[in-house]
Amino acid sequence: MKRLPRLCWNLISSPFTCPSVIGIFVLVYIGIAFITDDALIVLMELVRRNGILVLLLALLPIASLARLIKEIRCFRSGYQISTGDPSHDGASLFDEAVELETAAPFDGIEETIRTQGYTIRKEENRLAAWRGITHAPARLIFLLATLCLYSGIFISLIFRTSYRGPVIEGEPMPGLSQDGGIVERIRLENGKGTILSKRLTIDVAPSGQGGGQASFGIYPPGLYQGSFVYPRYLGIALLVRFSAPDMHGTFEKHAVLNMYPAGKEAEVQIPESPYKLVTSLAEPDDGLDPYITGRMVFNVKLSKDKDVVLSGVLPGGGELNREGYCIAFPDYRRMVLTDFIQDYGVYFIWGALSLYGIALLYWLPVRVFFPRREMLFVRGGINDMVTAYSRTEGRERSHNSLFHNLLDMLDIGKIQPGG
Amino acid sequence: MIVIKLIPHAVSWAVIALFLVRGFHAGRLMVIISGSGGFALGALGALVLFRLLPPESAFGIIRGGLGVSLLLLWGVAVMAAYRPFWKRTTYFEGTGFTVMCACLAGCMAGAVSASRLSGSGTSLAPYLALILVGGALASYAGAVEKRIPEWFIVGGPSLAAVVVALLLYGSSLSLRLDLFAPLTMKVMKFAHDFVHQFMESMLIPDHVFIRSNLWKYIGVLFGKEIGFWGALVIWFTPLLLIVYAIQFEPLPSVAHIRQGAERRRLLAVFIHIRRYRLIPALLAVLVLTAAVYRSCVPSVEYWDPKPIVVTATPVGDIFIPRKGDIDLEDGKLHKYLFRQGGKEARFFIIMGPSGKLTVVLDACAICKPDGYGQAEGTVICYYCKTLIPLDTVGRSGGCNPVPLAFSEKDDGVHINAVTLMNEWDNTVQTTTKVKGAGK
């Protein structure tokens, strides 16, 4: 009964598991790429819908965790061996293990080891020597980062929920909950940083759910009622009023238009009529961004079927009357088309990227300047054999050369006891 | 002419056979027989494909086989890199494995070589001649192999690298078998989608909020250069992994030897042999480089006439006569340029294999409007190097040139100037202004 769990553990914690799973996904991707150009998007959708692929994806964080546990155990065992715990068999943890039939004491090699810059811990039947700093912490941080990355991808891909809605000045915050606070103000300013060209602030009044005053920017995204507020595009919420000679009554509608920056056109279709209104923010004479200043003038173009019947310029709040047509924008407000995203995988992925950075910062100098080199000589067992172990994380040639010379010295000592 | 075209393939096959014989120790004769048998099978298989299927499907199947061989090389390379963790090494040995590998390599080499005969009709004779030459070359390679020094060792991963590199080199000689150009396109698309998805997943702001000079750098990830460099990574990484696996193969344990000189001698011999084992892998790198070069600078000359300037009548009708200085029915691509109000639009007319005239923009809906050239039963998008079979020109989607409404009359073709300008504006606006353009 113990064999099956052990087999499962060995499979899960094997270094081949993650590459194999990734290989399967690559093959699926290649297969999809033969059929469609949007292979990545199709693959993501396929993973969300297919139970087997979900399980396969879940295997990545599980295998990483198992690998992390296994390597922590190895690291602990290695430490216990070098500190003199006789209960551990170290052969599998070292690069080389040699048995020598010699009675020579360790005193003869101690000085040689010390002159090479190694630190020594000596006990009655045991001599451990090491030099440099182990990269094990970097390795463990790396594995932790990988675990975070896979977990983040899994959570993000499977559990992400997203809702896109317009955030309009004076209106309640949209979102999954219908109880959002009123958007008091949307401000856009020119950014001063090296990355963002704009600085956006969305001020929201306290909501009925007990939330306090909130303010959201572009990055990092703020959290509102458990969802990230991710501004996507800017636009204007317009109250459009329109009448035509051949229409009964006046058409009036609130339109949310994605029409930023100035010059970008947006359409308003007048229902049950051949009319279509195309509007855009006019380029201001002063060169300032109308979204920032709030002084908005609109270019309007009215088409009937395929013919343009009216065009002109209309200031916000104004009216355009010509040839029996009347177009008015009595109300206009700033709008930010925003995604409300519930996705906790983001934290894991950012965490993973930070951990990778830390691991690299630790590993690189240690590997280049202070690679860990270890030796262990243990006397015991039948015939008082000496078992010698060696492992190295860098500068392998010089360490191995020293190790082999020490073995030679012990071997010579067999002929000349005490030498 | 066909014989000249086949020479590089024959040389490739001879070198493949040479490496197969050296790489497998199961018996020279067995490798030669199975390799030659595979070559014959591949050549005959290609003949059957070209007889039964339309050329594009037949080429597609052979190209698919080449793609699978590249994937297998990836598998071999990853396993080689993981070799230190690999406890058992006898999975891929034995006579059966040798025969299978030699046969598969021969099969692909035969199919690639035979695809060069696809334009010479469906007569059996050239294929039989090719098979005989293939067999003779394999035997010759077997004889030459005896004269190669013993130190020239070909390990399993190196053998796979050389064989696949030579197969891909052979495929790069034919536009319709070339893998590198379609790979660049796929990588370009992947990079675009990946960056987009990554930014959305990480909630990184869109270009509206990012400084334009910074966005230019991000825009590099959407250009065709990323496709080229990404494809190079996919192309060469398996070989580099194999080189890495050989170069950094752990030294043998010599701790049990109590003579320093003997230890040093053993290690020196190992390092010496290790260097020799790098030679085939490095040779494969060279061959693959040549394949990339052939793909990027094909010897095929594209038919790409200078666009003829046309004008519209006062009612906006552009008329192209069917016969005149230019014969629209000659099966060649004919380009035209129309100018109006400071703007210009390019289009071309071509008679497809079905005998119908087609009018399309000299641009597609997803690439920058670099235009098209014509070669070997296809038109090629200059931007992304995608080959579009002639019988699909006139259909919309993907990298196909954008179809244009036109009316065909006895005297020629009539196109509406407004429609042309609108289509051109829409297409060019989409492909040059959105996120750095490209797929």
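**Helices, sheets and contacts**

Author: This is a predicted model. In chain B, A105(B), M108(B), A109(B), V112(B) and S113(B) of α4(B) meet V163(B), L167(B), G170(B) and S171(B) of α6(B).

Reader: What classes do the residues of that contact of α4(B) with α6(B) divide into?

Author: The contact of α4(B) with α6(B) has 6 nonpolar and 3 polar residues, and no charged ones.

Reader: At what angle do helix α4 and helix α6 of chain B pack, and how far apart are their axes?

Author: Helix α4 (residues 95-115) and helix α6 (residues 156-172) of chain B pack at about 10°, and their axes are 9 Å apart. Angles under 35 degrees count as roughly parallel, and α4(B) and α6(B) are therefore roughly parallel to each other.

Reader: Ok, strands now. What order do the strands of the open sheet in chain B have?

Author: The order is β1-β3-β4-β5-β9 (chain B), an open sheet of 5 strands with mixed pairing.

Reader: Which strands stand at the edges?

Author: Those are β1 (308-310) and β9 (401-403) of chain B. Each has a single partner strand, so one side of each is left without a neighbour in the sheet. From one strand to the next, the twist averages 40°.

Reader: How do β3 and β4 of chain B run, and how many bridges join them?

Author: Strand β3 (residues 334-340) and strand β4 (residues 343-351) of chain B run antiparallel, joined by 7 bridges. As one example, R339(B) has E344(B) in β4(B) as its bridge partner.

Reader: And chain B overall, how many helices and strands?

Author: Chain B has 11 helices and 11 strands. Its C-alpha trace spans about 100 × 65 × 30 Å along the principal axes.

Reader: What percentage of the residues of chain B count as buried?

Author: 42% of the 439 residues of chain B count as buried. As for contacts in chain B with a separation of 6 or more, 76% are between residues 24 or more positions apart.

Reader: Switching to chain A. What domains is chain A divided into?

Author: Chain A has domain 1 (161-233) and domain 2 (235-334). The C-alpha centres of these domains of chain A lie 26 Å apart.

Reader: What joins β2(A) to β3(A)?

Author: A hairpin does, through 2 residues. Strand β2 (residues 119-123) and strand β3 (residues 126-131) of chain A run antiparallel, with 5 bridges between them. E123(A) stands opposite R126(A) in β3(A).

Reader: Last topic. How many residues of chain A are in contact with chain B?

Author: 32 residues of chain A are in contact with 28 residues of chain B. On the chain A side, elements that each supply at least two residues include α2 (17-35), α3 (39-49), β9 (227-243) and α8 (345-369).

Reader: And how do the residues on that side of chain A divide by class?

Author: The side of chain A that touches chain B has 21 nonpolar, 4 polar and 7 charged residues.

Conventions:
Residues numbered from 1 in each chain as written. Chains lettered and ligands numbered in written order. Predicted model: local features only at pLDDT ≥ 70, side-chain atom pairs only at ≥ 80, totals over all residues. Contact = placed C-beta atoms within 7 Å. Helix = DSSP H or I, 4+ residues; strand = E, 2+ residues; numbered from the N terminus. Nonpolar A, V, L, I, M, F, W, Y, C, P; charged D, E, K, R; others polar. Pairing = 2+ DSSP bridges. Axes fitted to C-alpha atoms, helices over the stretch in contact; angles between N-to-C directions. Parallel < 35°, antiparallel > 145°, perpendicular 65-115°, else oblique. Domains from an automatic or database assignment. Buried ≥ 20, exposed ≤ 12 C-beta atoms within 10 Å, placed from the backbone.
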